[in-house]
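I opened this entry to look up the pockets. My notes follow the structure.

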Amino acid sequence: MFQVPWSDYVPDLWEGLLKTLSYTVAGFVGAALLGLGVALLRLSPTRLLRIPALVYTELFKNVPLLAVIFLTYFGLGSVGLKLDTFQAGTLSLIVFYAAYLSEIFRSAIRGVHSGQQEAAEALGMGRLATFSKVVFPQAMRLALPGTNTMLVDLLKSTSLLVTISAAELMSQGRLITSATFRALEVYLVIAAIYFVLCYPVSQGLLWFERRIQAGTPLSRGRRRRLRAARKLLGDTA
């Protein structure tokens, strides 16, 4: 069955893998930041801020990613705003997944009990300090399961960028297929690479999620203070 000279295509596959990881990292970081901003707008008491955020969320939740890719690459190019494949691909992933992440973040922030905020305000903490030091860390714990799922889904969705020849794994697979005419073998190998890439990521994120849910602090500073507190309690005992 395996008749493709894979040793000849290792550099191409490696380049495609690096491109896939680049799209994933850039797309997820951008989507997380934009999603958090949209979530905060959705939670704003000002109607003029909530409505545009709501329209954005509902729009991109109900439009296929492939359509977003085509609009970003071909649509914007037709009106004079030309983006290269990396810019168009990354922008498509950001605006699409930010809509989903904004819903995850919004639900997580709302899931923090209001008594936490009231207690922080009673201690004299301002709104910014209350959000950053009390509400946000707890919300991130609640958002971890959905966020982890979106990260793996985004990684797999980079394969759709084959439609604009983005040089990621699926694009390299298409080129190898054109050169060898061994579609079944090539795409089986590409699928196996995606599995080897996605499965450890999903399991690692699941392990991290369990650690956080078990009470492990998110930040290094919090872990250091927790160790100091435990040591102090041990010395006192």
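**Pocket linings**

I sorted the lining of the largest pocket first: eight residues are nonpolar, five polar and two charged. (Ala, Val, Leu, Ile, Met, Phe, Trp, Tyr, Cys and Pro count as nonpolar, Asp, Glu, Lys and Arg as charged, and the others, Gly among them, as polar.)

I am working on a predicted model, where local features need pLDDT of at least 70, side-chain atom pairs count only at pLDDT 80 or more, and totals for chains, interfaces and linings use all residues. Numbering runs from 1 along each chain as its sequence is written, and side-chain values use heavy atoms, without hydrogens and water.

I looked up the volume next: the largest pocket holds about 460 Å³ of space. (A pocket is an open set of points on a 1 Å grid over the protein atoms alone, where a 1.4 Å probe fits, with protein on both sides within 12 Å along at least five of seven lines; lining residues have an atom within 4 Å of a point. The volume is the space filled by probe spheres set on the points, joined across faces, edges and corners.)

I counted 15 lining residues there, with Leu40, Ile109, Gln117, Arg127 and Phe131 closest to the centre. Helix 5 (114–122) and helix 6 (127–157) each give two or more. Helix 6 gives the most, five residues. (Helices are DSSP runs of H or I, at least four residues, numbered from the N terminus.)

I then turned to the second largest pocket, with about 300 Å³ of space. It has 15 lining residues, and Phe28, Phe105, Met140, Leu144 and Thr147 lie nearest its centre. Helix 1 (10–42), helix 6 and helix 8 (183–213) each supply at least two. Helix 6 has the largest share, seven residues.
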